[in-house]
There are 2 protein chains.
Amino acid sequence: MYDLIIIGAGPAGLTAALYAGRSRLKTLVLEKIGVGGRILMTEVIENFPGFAGGVETAELIKRMQQQVTDLGVNIALEEVLEVDCKLKTVKTSETTHSAGAIIIATGAHPRKIGVPGEDKFTGRGVSYCATCDAPLYRNKDVIIAGGGNAMAEEALYLTRFANTVNIIHRRDQLRASPILQDKLKENKKIKFTLTSVITEITGSNKVEAVKIKDVNTAQEKVILCDGVFVYIGYLPDTSFVKDKLKLDENGFIIAGQDLSTSEEGIFACGDCRNKTLYQVINACGDGAVAADSAYKYLASKG
Amino acid sequence: MYDLIIIGAGPAGLTAALYAGRSRLKTLVLEKIGVGGRILMTEVIENFPGFAGGVETAELIKRMQQQVTDLGVNIALEEVLEVDCKLKTVKTSETTHSAGAIIIATGAHPRKIGVPGEDKFTGRGVSYCATCDAPLYRNKDVIIAGGGNAMAEEALYLTRFANTVNIIHRRDQLRASPILQDKLKENKKIKFTLTSVITEITGSNKVEAVKIKDVNTAQEKVILCDGVFVYIGYLPDTSFVKDKLKLDENGFIIAGQDLSTSEEGIFACGDCRNKTLYQVINACGDGAVAADSAYKYLASKG
């Protein structure tokens, strides 16, 4: 029996664990894949306050993890299968744990385009992680789908390896921050294919081309390429609390200012919750708030 | 004419400036006293994720400031006297600035006890900053008023200098986190005077004693001491927007999830706003959210 179970060991979960550990709560952190979460799909983070010049995400996570384990908090690599929000029990791949309160910090995963060929070629030319796969595309031509900061950062990273990086975006301009857009425009390897969507990914054994359609003219064309990188947003990893907590239309958990959810004693923080900005720094801020609220909730229960 | 004026250069304001700078907004940061804000009243911060073993607050602030100035954002030492929330103009001690949007990140200041002698002896035995003044109390006996984490941290710091540190607290137990309470109990220089309030601070030229009253028995007594440190909470620095923005009963700015206030184009972040937890990490998270919301607001205006 724990005071607190934290599901997920990304920046939000680790910060919640830091605060819970300092509050002397008997805390268990459960992590499905590995400590860090999807932030590790990015190589370097430049906008975490306190690290002028940027910090490697792996290094930042290592430092956060150290802080948590220094406090004696246990991080177990177990996949959560089911949560009982009333009983506060968590069924995992290994066993069933119970606690006085639960914090959900499971983050989000990349959204798929949803076109023919996407699943077939995943791992054979279709990728959701440039940091992981970019070195496979040395001197190759790649497509990147998306319009936001994540796409822009990864497109720039891809130019270190690829011959050309062609940005396919549905709108006539990107959503990425101006500083990143300037960098994209200055980079000779970057091409722009705007007002366009991918309709199919084709090839024999591996990706050889994408079919695209202009959203204004409905004109279709084929672009030959060796790889397709997808950065069109994220969906929350909240299926295990579907029908148990109040979620928004995309499945993000709805939480109040204190990060309490629709069930007493269940809190949500980081990218799995509905909010306006999804960044490491405010995931960490969330983690501190959720742990503080869980602590107050447990204290109120005696 | 700026895109964005950020009032306050503590962790919230600096993180807002970091995000605004990366978004290429023409940004001016206004700071009344000095970059850093009230966090500098604490010597070391142990619960900022990414710094296992803790980091000196002065060092953390220096690193945050560097990140902001690296982006070319200007931090001006000017006191803000008046804000016109409709026109988005900011009148300072030096001049009047105008912008498309304003972020308020002015933080909070220590709450006074409000008893006879407090104002008279401020700077002559009464202090709101142990980090600043503790070395003046080497081998002396001091009182510290409060019950939360800030009090506990500063009481422990005072024991490095003072002979005894007597904690006066209104309730029968502290609110400080268990980890800090354990440290207090283990420290032989710490005394506890619980269920008690200070009713007067006395002396001739400097503090010589406090009068205290037991809140249960109404019994009064005098405790001789050389210094009185006050850690009984904070009040927001928001007087310049009184009657202009929606504030709570203590003057904290009320903001939505995107940190927009009751006036369009005015955003609030950090300790000056009504929220459940006041820590550096979520002040920084706030700063990122406010800058992102300001950016979106400005973009929507064209």
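Which side chains of chain A meet in a salt bridge at 4.0 Å, N to O? In this predicted model, the pair is A:Glu59 and A:Arg63, a salt bridge being a side-chain nitrogen of Lys or Arg within 4 Å of a carboxyl oxygen of Asp or Glu. Local features need pLDDT of at least 70 and side-chain atom pairs count only at pLDDT 80 or more, while totals for chains, interfaces and linings use all residues. Residues are numbered from 1 along each chain as its sequence is written, chains are lettered from A in the order in which they are written, and side-chain values use heavy atoms, with hydrogens and water left out.

A:Glu59 and A:Arg63 are four residues apart in helix 2 (residues 57-70) of chain A, so about one helical turn separates them; helices (H or I, at least four residues) and strands (E, at least two) are DSSP runs, numbered from the N terminus. A:Glu59 is partly exposed at 32% relative accessibility, and A:Arg63 is partly exposed at 25%. Here buried means under 20% relative accessible area, exposed over 50%, and partly exposed in between (1.4 Å probe, protein chains only). Chain B has a salt bridge between B:Glu59 and B:Arg63, with the closest N and O atoms 4.0 Å apart.

Over all chains the count comes to 22 salt bridges. One of them pairs B:Lys86 with B:Glu263 at 3.0 Å between the closest N and O atoms. B:Lys86 sits in the loop between strand 6 (80-84) and strand 7 (89-92) of chain B, and B:Glu263 in the loop between strand 18 and strand 19 (266-268), so the pair ties together parts that are 177 residues apart in sequence. B:Lys86 is exposed at 61%, whereas B:Glu263 is buried at 16%. In chain A, salt bridges that share partners join A:Arg273, A:Lys275 and A:Asp286 into one network.

Now for how the copies sit together. Chain B can be laid on chain A with an RMSD of 0.1 Å by a turn of 180° and a shift of 0.0 Å along the axis, with least-squares superposition on the C-alpha atoms of residues with pLDDT of at least 70 in both. The two copies are thus related as by a two-fold rotation axis. In chain B, the C-alpha nearest this axis belongs to B:Gly285, at 2.5 Å.

The contact (heavy atoms within 4.5 Å) takes 45 residues from chain B and 45 from chain A. The buried area between them is about 3,800 Å², 55% of it from carbon and sulfur atoms; this is the accessible area (1.4 Å probe) that the two parts lose on being put together, summed over both. Four salt bridges cross the interface, among them A:Asp182 to B:Arg24 at 2.2 Å, N to O. On the chain B side, helix 6 gives the most, with 10 residues.

Helix 5 (residues 178-186) of chain A has A:Ile179, A:Leu180, A:Gln181 and A:Leu184 buried. Their cover includes helix 4 (149-158), strand 12 (164-168) and strand 13 (190-193) of chain A, together with helix 1 of chain B. A:Gln181 has a relative accessible area of 15%, and its side chain reaches the backbone oxygen of A:Ala176 at 2.8 Å.

Technical notes:
Polar contact = N/O pair within 3.5 Å; in protein donor to acceptor, adjacent residues only side chain to side chain.
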